[in-house]
Amino acid sequence: MSFPKHLSSSWQLHGEKIIAACGLIGFMNRDKSLTDGSDIIKAIANMKERSNGLGGGFAGYGIYPDHADQYAFHLMYMDESARVTTEEFLHEHFSIVAAEIIPTDPTAHVHNPPLLWRYFVDVEAASVVNEDESDYVVRLSLEVNDRIEGAFVSSCGKNMGIFKGVGYPEDVGEFFRLYDYKGYTWLSHGRFPTNTQGWWGGCHPFGLLDWAVVHNGELSSYGTNMRHLEMYDYKCTLMTDTEVVAYTIDLLMRKHGLPIEMVEKVIASPLWEAIDRMPEDERVVTEALRRVYGPLLFNGPFSFIIADSERMIGITDRIRLRPLVVATHGPTYYLSSEEASIREICPEPEQIWMPRGGQAAATELYETAKTTNKEEVVTG
Amino acid sequence: MSKMINPMQADVALDRSRVTDHGKGKVEVNAQDLTYRELNLLLRVVCDEGAKHLLLKNVNGQRYIATDLPPVKIDIEGCAGNDLGVFMNGCEITVNSNCQDAVGNTMNAGSIIVHGHSSDIAGFAMRGGKVYIRDNSGYRCGIHMKEYEDKIPVLVVGGVAHDFLGEYMAGGVLLLLNRPSVQGATEFGEMPSDLIPSHHIGTGMHGGVIYLRGRVEPYQLGAEVAPVDFTDKDTETLHHEIDEYCNHFEVSDDERQELKDSEYVKLIPVSHRPYGKMYAS
C-alpha cells in the first residue's frame with residue numbers, strides 16, 4: 001500500500017506518545033431542538049484522559065439552516081494551489097451557491113492547521129448520468145481525496161458538517177468556534193492514534209454524505225473490509241481503519257437499504273454457536289447475511305457511534321472489548337465511552353444502561369419514527 | 001510533617017480552596033472540574049495531614065480514586081471514574097451513584113459499596129477486600145480475581161452481569177443476586193427472570209467460586225467450569241454475603257429471606273491446573 005499523498009508534509013505531527021484510549025460521545029435531540037456546540041465540547045473534555053492531543057473532532061447536524069438543501073463540502077487544503085485545483089473541479093461538477101473560509105479562532109491550541117474552506121453546492125440534474133445523485137456526490141468527493149494533491153474533503157452532507165484537527169478535542173472545538181453553531185445532533189471524538197500518525201485528515205469523525213463515524217478501537221479486519229469495499233468503488237485513501245466503517249455503513253444502509261437490525265449482524269455478527277441456537281427464521285436470515293456479507297465483518301476490539309441526519313447508532317464489537325454507555329433524558333439520547341461525560345452535560349439522566357456487545361443502541365428523530373410507523377401501517 | 005510527594009506529581013496544582021475541614025478528621029473536598037491528578041494529590045495531602053474520613057463532592061469521572069491512600073473512610077458523591085480503588089489497601093469507600101470500568105482493580109484490602117451500577121471489568125484482578133454493587137455490572141466482572149491463604153476477595157452484584165463473568169478467575173467469591181428490582185428494563189430485553197443472561201461464564205476459570213441466583217443452561221458456561229452441589233460452608237458464605245449486601249442497601253426483611261431461600265447455582269473450575277497436562281510427560 002502506498003503512503004497517502006497527504007502525509008508527505010507538515011500535516012503530520014510526531015509527538016511524545018501518551019498512553020490513552022479514544023473517547024467518543026454523541027447526543028441527539030430527537031425532537032430536533034437545537035443545542036449550541038459548547039455542550040459537546042464540555043462533554044468530550046471530561047474524557048481528556050482518553051485522548052493525547054493528536055486528534056479531536058466534531059460533527060454537527062442542523063447547523064446550516066440557510067443552506068439546508070445544498071451539499072456542504074468541508075475542505076482542508078495544504079496550500080493555495082490545492083484550493084485552486086479543487087475549486088476548478090467543484091465548478092466543473094457542481095453549481096456553487098456559496099464559498100467561504102471556515103471561521104476559526106487562531107488563538108486556540110491546535111497544530112499546523114491547513115486552509116479550511118466550505119462550499120454549499122447544488123447538483124445540476126443534467127450532470128448526473130446513469131447514477132443517482134448521492135452516488136454522484138460520493139464518487140466526486142472520493143475523487144478529490146484520491147486525485148487532488150493536498151486536498152481532503154472532511155464532509156459533504158446536507159445541513160451538517162465535520163470539524164476536526166490535530167489537538168485535544170476541546171481545543172479543536174474552540175478553534176472551530178463551535179459555540180457559534182446550533183445543531184440537533186452532535187458527535188465528538190478524542191483521539192489516541194495507535195496505528196497511524198496523527199494528521200488533520202485522519203482525525204475523526206469520518207464522513208460521507210450525511211454519515212459521520214467516530215471510533216474507538218482497531219479493526220484487524222481492515223484489509224479484508226477494504227478489498228471488499230473496493231469492489232463497490234469505495235477507495236480507502238486515508239490510512240486509517242475508521243474510513244472503512246463509514247463506507248460499509250453507506251453501502252449497507254444507503255445503497256442496500258438494510259435496517260440496523262441486519263447491519264449489526266453483518267458488522268458484529270453473533271458467534272456461530274449463538275446462531276445455531278437462534279429460532280429458525282432468525283437463524284436463516286443471520287446465516288444468509290454471514291454468507292453474503294462475510295467480508296464486512298469487523299474483527300478486533302471496537303466501539304463506534306454513527307449518525308446521519310435522522311439517526312444515531314452506537315455499537316461495540318460482539319464481545320464488547322471497548323466501552324459504550326447509553327442514556328436518555330426526555331427527547332435527548334446519549335452515547336458515550338464513559339458515563340461521566342454524559343453527566344457533565346446531563347447530571348441526572350432518566351435511564352442509563354450498557355448495551356450488549358454487537359447489539360446496536362439505535363435511535364432516530366421523532367419525525368422519522370412517525371414516518372416509519374406510518375409506512376408499516378400502510379404495508380402491514 | 002507531611003510525607004514526601006511523588007515527584008511525578010510535582011507539576012500538579014494543589015488547590016486548598018477545595019478543602020473544608022469539618023473537624024475530628026472529617027474533611028470535605030469539592031472535586032468539581034478537578035483532573036484526577038489534582039484530586040488524588042489533594043486527597044493524599046489531606047490524609048497525610050491526618051484526615052480519617054473524606055467526603056468527596058461533585059466527583060464526575062475522575063480516575064484512580066483512593067489508589068495511594070492510607071485506610072480511611074471515603075464517601076463519594078457523583079459518578080466515580082475508571083479504576084476506583086485501584087491497588088487500594090484498606091479504604092472503605094461508599095459511592096452514592098454509579099461507577100465506571102474496573103472498580104476495585106487489583107485492590108488488596110478494604111471495601112467499595114456502590115449504590116448504583118458499574119460498567120465493565122468490575123473487581124478486575126482483586127486480591128483481597130470486598131466490592132458490593134447494588135445494581136447490574138457490565139462485561140467480564142470478576143475477571144482474574146485471585147486468592148492466597150486468608151486473602152479471599154468477594155464481589156457481590158445485586159442485579160445481573162454481562163458476558164464473561166468470572167473470566168480467568170483464579171480465586172475469590174463472585175456472587176450474583178439477580179434481583180429483578182434493580183435491573184434496567186432496556187438492557188437485557190425480554191427473558192425469563194430466573195435465567196441468568198450472561199454467556200461464557202467462567203471461561204478460563206481455574207480457582208475460586210461463583211454463585212448465581214437463578215439457573216443457567218450448559219451452553220452459557222465456559223469449558224473450564226461445572227455446577228456442583230452446595231456444602232454447609234457454601235450456605236454459610238452465601239448467607240453472610242446476602243446479609244452484608246442487604247445491610248448496605250437497606251433491602252427489606254422479606255426480600256432478604258427470599259434471597260436466602262432461593263435456588264443458587266454453584267460453579268467451580270473443573271481443573272485447578274488447566275494447562276498442567278500440556279507440559280507434563
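How many bridges join strand S5 (residues 71-77) of chain A and S8(A), and in which sense do the two strands pair? In this predicted model, S5(A) and S8(A) are paired over 4 bridges in the antiparallel sense. Within S8(A), A:Phe152 is the residue that A:Met76 stands opposite.

This pair belongs to an open sheet of 4 strands in chain A, arranged in the order S6-S7-S5-S8 with antiparallel pairing. The edges of the sheet are formed by strand S6 (95-101) and strand S8 (151-155) of chain A; each has a single partner strand, so one side of each lacks a neighbour in the sheet. From one strand to the next, the twist averages 30 degrees. Strands of a sheet pair through backbone hydrogen bonds, in either a parallel or an antiparallel manner.

Two helices of chain A lie across strands of this sheet. Helix H2 (residues 80-93) of chain A lies across S5, S6, strand S7 (115-122) and S8 of chain A, and its direction is at about 155 degrees to S5(A). Helix H3 (residues 133-147) of chain A lies across S5 and S8 of chain A, running at about 140 degrees to S8(A).

Attention now turns to helices that pack against one another. Such a pair is described by the angle between the two axes and the distance between them. In chain A, helix H5 (residues 222-230) and helix H6 (residues 242-255) have axes that come within 10 Å and cross at roughly 45 degrees. The crossing in which H5(A) passes H6(A) is left-handed. On the side of H5(A), the contact is made by A:Tyr222, A:Asn225, A:Met226 and A:Leu229, while H6(A) contributes A:Val244, A:Tyr247, A:Thr248 and A:Leu251. This contact of H5(A) with H6(A) comprises 6 nonpolar and 2 polar residues, with no charged residues.

A further pair in chain A consists of helix H7 (residues 260-267) and helix H9 (residues 280-293), which pack at an angle of about 60 degrees with their axes 9 Å apart. That angle makes H7(A) oblique to H9(A). Here H7(A) passes H9(A) in a right-handed crossing. The residues A:Met262, A:Lys265 and A:Val266 in H7(A) meet A:Thr286, A:Leu289 and A:Tyr293 in H9(A). By class, the contact of H7(A) with H9(A) has 4 nonpolar residues, 1 polar and 1 charged.

Chain B contains 5 helices and 12 strands. Of the 281 residues in chain B, 51% are buried. Among the contacts in chain B with a separation of 6 or more, 44% involve residues 24 or more positions apart. The axes of helix H3 (residues 232-249) and helix H4 (residues 253-261) of chain B come within 10 Å and cross at roughly 155 degrees. H3(B) is therefore roughly antiparallel to H4(B). The crossing of these two helices, H3(B) and H4(B), is right-handed. H3(B) supplies B:His239, B:Ile242 and B:Cys246 to the contact, and H4(B) supplies B:Arg256, B:Leu259 and B:Lys260. The contact of H3(B) with H4(B) divides into 3 nonpolar, 1 polar and 2 charged residues.

Finally, the two chains meet. The contact between them takes 19 residues from chain B and 19 residues from chain A. The side of chain B that touches chain A has, by class, 4 nonpolar, 10 polar and 5 charged residues.

Key
Residues numbered from 1 in each chain as written. Chains lettered and ligands numbered in written order. Predicted model: local features only at pLDDT ≥ 70, side-chain atom pairs only at ≥ 80, totals over all residues. Axes fitted to C-alpha atoms, helices over the stretch in contact; angles between N-to-C directions. Left-handed = near helix turned anticlockwise from the far one by under 90°. Contact = placed C-beta atoms within 7 Å. Nonpolar A, V, L, I, M, F, W, Y, C, P; charged D, E, K, R; others polar. Parallel < 35°, antiparallel > 145°, perpendicular 65-115°, else oblique. Pairing = 2+ DSSP bridges. Buried ≥ 20, exposed ≤ 12 C-beta atoms within 10 Å, placed from the backbone.
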